[in-house]
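Biologist: Hi, I've got a new model to look at and could use a guide. Can we go through it together?
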Amino acid sequence: MDLFPLYLTIKVSFTATVFTVAFGLILAWVMAKREFLGKSVLDIIIMQPLVIPPTVLGYYLLGALGRSSFLGRFLEDAFGLQIVFTWKGAVIASFISSLPLFVKPARAALEGVGSELEDAARLLGKTELQVIKDITLPLAWRGIVAGAVMAFARATGEFGATLMVAGNIPGLTQTLPVAIYDAVQAGDAQTANVLVGVITLFSFIVLYIAG
């Protein structure tokens, strides 16, 4: 059995989770610690991937990153980066899809850190960055880790948006969920059963760790 979909899924999920934690932590901190005009609108935008169909999300990404779009042309002309129908497209689809699953628990964890502790640190001369590094993040680490695990699990199971943006190219963009779909379409029940078993076991392990 071809192990490339398993390798690609791990690669895409890990890369997407790194981006999710990096950008999601900033968003979670802003949403937890700052009040500003349009905050509720930003919250809705962040949570959109949880409620809109994955194919709709994939359609938006395809329109935004395709060669016919301004951003797609700019990335290809300036940096030689082609996103659509490459594994990078799968990373972006998984990143966007998993972002709300990280931001929500991370935000709750950051909101749970008492402002009195942070204010005391500021009174002692700590800079805002030092307060975040020495007080906020250490106290909120459990929620942040749980969010990262859930984001990784979501990235592993991403199908609809990935199929739209990265396509189904064996040996190039075929992740585990897409390979399962391909096997079912081809009537290869044995391969489909093995792949379903692998991803089900993996999801169980991830949820057990997160719990």
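Modeller: Happy to! One term before we start: a residue counts as buried when its relative accessible area is under 20%, as exposed when that area is over 50%, and as partly exposed in between. By that cut-off, 39% of the 211 residues of the protein are buried. Keep in mind that this is a predicted model.

Biologist: Good to know. What is the mean pLDDT of the protein?
Modeller: The mean is 91, and 99% of the residues reach 70 or more. Among the elements, α5 has the highest mean pLDDT, 95, while α10 has the lowest, 85.

Biologist: And how many helices and strands are there?
Modeller: Ten helices and zero strands. The C-alpha trace spans about 65 × 40 × 30 Å along its principal axes.

Biologist: Let's go inside. Which residues have the most contacts within the largest nonpolar core?
Modeller: Those are Phe102, Val103, Leu110 and Ala140, in a core of 26 residues. Two or more core residues come from each of α1, α2 (39-51), α5 (87-111) and α7 (128-157). The biggest share is from α5, which gives nine residues.

Biologist: What does Phe102 touch, apart from its sequence neighbours?
Modeller: Leaving aside neighbours within four places in sequence, Phe102 is in contact with Thr20, Val21, Gly24 and Leu25, and also with Ile144, Gly147, Ala148 and Ala151. There is also a second, separate core of six residues, with Ile52, Leu61, Ala93 and Ala161 among them.

Biologist: New topic: Ser94. Buried or exposed?
Modeller: Ser94 is in helix α5, and its relative accessibility is 2%, so it counts as buried. Beyond neighbours within four places in sequence, its contacts are Val12, Ala16, Ala155, Glu158 and Thr162.

Biologist: Now the outside. Which residues form a nonpolar patch on the surface?
Modeller: Leu3, Leu6, Ile10, Val194 and Val198 do, with about 400 Å² of accessible area together. Helices α1 (4-33) and α10 (189-210) each supply at least two of the patch residues.

Biologist: Why is Val194 classed as partly exposed?
Modeller: Val194, in helix α10, has a relative accessible area of 37%, so it is partly exposed, because that class runs between the 20% and 50% cut-offs.

Biologist: Last one: among contacts between residues at least 6 apart in sequence, what share joins residues at least 24 apart?
Modeller: That share is 70%.

How values were computed. Residues are numbered from 1 along each chain as its sequence is written. This is a predicted model: local features need pLDDT of at least 70, side-chain atom pairs count only at pLDDT 80 or more; totals for chains, interfaces and linings use all residues. Side-chain values use heavy atoms; hydrogens and water are left out. Patches are made of residues with over 30% relative accessible area and no salt bridge: like charges are joined within 9 Å, nonpolar side chains (Val, Leu, Ile, Met, Phe, Trp, Tyr) within 5 Å. Accessible areas come from the Shrake-Rupley method with a 1.4 Å probe; for residues, only the protein chains shown count as cover. A salt bridge is a side-chain nitrogen of Lys or Arg within 4 Å of a carboxyl oxygen of Asp or Glu. Helices (H or I, at least four residues) and strands (E, at least two) are DSSP runs, numbered from the N terminus. Buried means under 20% relative accessible area, exposed over 50%, partly exposed in between (1.4 Å probe, protein chains only). A nonpolar core is a set of buried Ala, Val, Leu, Ile, Met, Phe, Trp, Tyr and Cys residues joined through side-chain atoms within 4.5 Å. Contact means heavy atoms within 4.5 Å. pLDDT is the predictor's confidence in each residue, from 0 to 100.
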